[in-house]
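Hello,

Here is the structure we talked about handing over. Please have a look at it first, and then read on for my notes.

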Amino acid sequence: MKRVILGFLLASLVATGASAQESFRVELGRDGETIGELRPVFLPFEARPLPAISPAEVARRYQRLFARSDEPAVRIDALNRLANIRERSGDDIGFSIDEEQGIYRQAIDSYETILARGAFGGRLDELLYQMAKAYALTGQNAASVERLKQLVGLYPSSSLVPEARFRVAEDAFSRGRYLEAESGYRLLLDSEGIRPDLASKARYMLGWSQFKQGEDAWPRAGRTFVAVLDNALPDAQSLATVPESEVDLIDDTFRILALMAARRSGIDTVAAWLDTAGEHAWTPLLYDRLGDYYAVTGAYRTSVVVNRAFVDRYPSHPDRPAFMAQIVDVWLLAGEADKVRTARADYVTLFGDEPGYQSLTADQRAQWQAFSRTLADYYYHMAGQARKSGHPAQASNRYGMAAQYYERLAGRVDVPGPLLRLAGDAHLLAGQYASALASYQASAYSVDSFPESADAGWAAISLLRDAIDGRVDGGGLAPSLDALTVESRRFGETFGADHRLPGLLADLASRWLAAGDLDTALDYAGQAIVHQASAPAERYTGWLLTARIRQQRHEYGLAERAWREAIALSGRPELAERVNDDSENLKDQLAISVYRQGEQAAAAGKTDLAVAHFQRVESLRPGSAIASKGRFDAANTLLRADRWQPAINELTRFRVDYPDHPLAAGIPEKLVMAYTASGQLLKAASELLERASKNQDPWPDRLRAAALFHQADALENRDRLYTGYLATAPEASGADQHVQLQTMRQRLIESGPDADRWRRQQVEQELASQWHSEQTLQWAGHSAMRLGVRSAEDFAGIALTLPLPASLDRKQAALEAARQHFINAESLGGEPLRSESLFRRAELYRVMAADLMASSIPPELNDLERMQYQMLLEEEAFPFEEKALKLHADNHQRIGDQGFDRWIEKSLAVLADLYPGRYQRSVRWMTWTQEAHDDA
């Protein structure tokens, strides 16, 4: 992986050309790629000018010199010059590698010979170094190391000592004597005059020596390797200028540190190393290498912990985004999709605020945006899955998360509109309606336009409408018609040519109509009609709403026009399916608007105009209910205007045209009124009788007809109806009905035939009734008086003949009947009839007395018996005379209270005639049973 270090280091290599060197060195073996392959190097020589001949020719001459000379010093010098030429020229000249080993075996003898002589023209420390190299090249490592140790011991101040120490320590390392190697490397590092490159290698190998000693020595090794890195990468600038020769060393140092940390306590070990050594420019590289180590070995979770530890430990470090991104890569490598998603979410959250986002590079911002979009799309998709699976709460939560990601991302892209639209959709599906509305509005109006801007604006309108209609509830949204109107106005101002706008205008008109704001509703309906994008469907709706508004405002003339426009549009083929159910209703509404115009004209007293409108309805909807009602109301309008004959004509025509119409049942009543008002009483009565013949209870109408006959002096017709009704023996259920019945009887009495029959009924009903009026009492009183008079006449006509008891019984019964009538007359008629009642009752008794006295005497009686019989008659007649005198006297006494009338006058005349003839008798021949109510 090494996303942080390897690519960075390899890109930073600085190459050095061999031809530019001012010195060279003889390699006593090549450095290996690994620690185990490292071999001693060295023996540098001063640079010398090359001759003006080809290096190959010079090399050939030194080869020949080495082969021909017997002098050891010459042979060694020739050998050194050959190596120098090869180093300086860079060409593969001189002895080959295979030849070198044989050559150096020969050279060893020369070295030993020179050393044995003790005389050498050059420096012995160099000679010892060259001998060590020769031994090394011929595979005699022990001898080589022995010569190097000899060099160090004999010449400790030699410039060759550092390399000698290094090779000695390296030999110990290669033989597994790591403690000895550690000591050698440390001794070298503590010495003075060591070259930086050799010190770097020595410090590196010191760390390895310590590492090879086991975990107990790893703390020392860790500190050593930290020092290696501090030396190689001392500052941030050095990270960008790593020499090519040190790339492998640095990379291997990071690797071994990561290995040690991983095998101990991981990130805690790293933290311990770093805490004890101050600040390090290479710290991110170590965390990266440790995280890579764990990832490569499959310890993905621990790798993530390492990366996260760096982020948490260095909150201001510019490499934090790279480590957060590397966590995503680790989980991707592990195949942990959920953890990948969590890592991306952490990345987005960590750098989500404005300062954090601004701290990112352009590439990192692109990555933040990519992560945000991936997360938003994921949660949106998963919310849909949860919704399909029947988990609404889970779906709502995920939609909410998707919305948050879309919104945050929208604020950091060049064209945020589509993302805000998606955020609005997610908020909507999450039930967060207020947030959805805000996102839709921002998408449509707050950013640069994009192809779906109008759709976003429409989504905001749709959401408000759904909320008002109750299809969505809650979510922090408090919808109102005013808010919808404002939103719609903004939509119209921004997207005025949108094909959906006319429908929206029509919908607003409908809503304001329902809200009772007719002016606003009418305005929007008009806009829907005239809008340039308005299709027949929208114009149709606009005219419908206009018609309803006009009708609701009682502007029926304008409503008629709107209904006609709607009806005209309803014939369009594209509206056929929609209008199919409305067509009849439209015609009905048109008829209603005309009918209402008739009502308005009628209310204004414009009878002719009203009748014209009412009659026009039938031409619009022939045979309809409103058509018949129009016809009926036309007649009513004429009635109210007292246009009786035209009204009668309309009513009669209506009854002919609509005989079974419910309204036809009311026509007789209206005709009765019209006939009555126009003086055609008999026709009015005929209407009532005609209706009565069809009613289950005919008498209410018949009695009204009787009243009309009475008014028209058609008494025979009247009396016939009265007689028929009274024959049903009606019983009064109230005072009014009692008066009505008594009035009928009174009129029958007055009309003549069979009067006494009605008088008797009249008296009986008045006596039995609990309801009375002054009029009925007077009528009944006079009827009783009249009946009494007739009974008195019957009484007077009964002669007392033999046998006297039989005739006397008849006469006495007649007297009682007459007397009762007079008493009834007095009780019913009151004071106006009392004088007559007293007089007539007194006369009954006086006539009775007179008739007794004048009655026949049995013929078989002798004179004495006849005289005695006559005396007995006088005694029987005397009480009657007394009663008559008393009643006449009572009548006389009324003068003081009631005044004088003719009946009192008659009583006075009788008293003047009867008073002297009063006698008392003690002998009675006939018995008389006195009644309890005989007025005595």
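Below is what was found in it, from the whole chain down to single residues.

A word on the basis: this is a predicted model, where local features need pLDDT of at least 70, side-chain atom pairs count only at pLDDT 80 or more, and totals for chains, interfaces and linings use all residues. Residues are numbered from 1 along each chain as its sequence is written, and side-chain values use heavy atoms, with hydrogens and water left out.

**Overall picture**

The protein's secondary structure consists of 45 helices and two strands (DSSP runs numbered from the N terminus: H or I of at least four residues for helices, E of at least two for strands). Of its 936 residues, 46% are buried (under 20% relative accessible area; exposed is over 50% and partly exposed lies in between, with a 1.4 Å probe and protein chains only). Among contacts with a separation of 6 or more, 58% are between residues 24 or more positions apart; contact here means heavy atoms within 4.5 Å.

**The cores**

In soluble globular proteins, nonpolar side chains tend to be buried together. The largest nonpolar core here has 89 residues, and Phe-225 and Trp-282 have the most contacts inside it (a core is a set of buried Ala, Val, Leu, Ile, Met, Phe, Trp, Tyr and Cys residues joined through side-chain atoms within 4.5 Å). Helix α12 (residues 244–263) gives the largest share of this core, with eleven residues. Leaving aside residues up to four places away in sequence, Trp-282 touches Val-226, Leu-229, Asp-230, Leu-233, Leu-239, Phe-254 and Leu-274. Another core, of 48 residues, lies apart from the largest one and includes Trp-644 and Trp-758.

**Aromatic rings**

There are 29 aromatic pairs (rings of Phe, Tyr and Trp, the last by its six-membered ring, with centres within 6.5 Å; planes under 30 degrees apart are stacked, over 60 edge-to-face and the rest tilted). Tyr-347 and Phe-371 form an edge-to-face pair, because their ring centres are 5.1 Å apart and their planes stand at 85°. This pair links distant parts of the chain, with Tyr-347 in helix α17 (residues 337–350) and Phe-371 in helix α19 (residues 362–388), 24 residues apart. Tyr-347 is buried at 0% relative accessibility, and Phe-371 is buried at 7%.

Arg-412 lies over the face of Trp-368, 4.8 Å from the ring centre, and the charged end of Lys-339 sits over the ring of Trp-331, 5.5 Å from its centre.

**Backbone details**

Most residues other than glycine have a negative phi, and most peptide bonds are trans. Asp-642, which is not a glycine, has a positive phi of about 60°; this residue is in the loop between α32 (625–640) and α33 (644–657) and is partly exposed at 48% relative accessibility. Asp-754 also has a positive phi, near 60°, and is found in the loop between α38 (735–751) and α39 (755–768). The peptide bond from Leu-802 to Pro-803 is cis, with omega near -5°, and Pro-803 lies in the loop between α40 (774–796) and α41 (804–829).

Best wishes

Conventions. A charge sits over a ring if NZ of Lys or CZ of Arg is within 6 Å of the ring centre and within 35 degrees of the ring normal.
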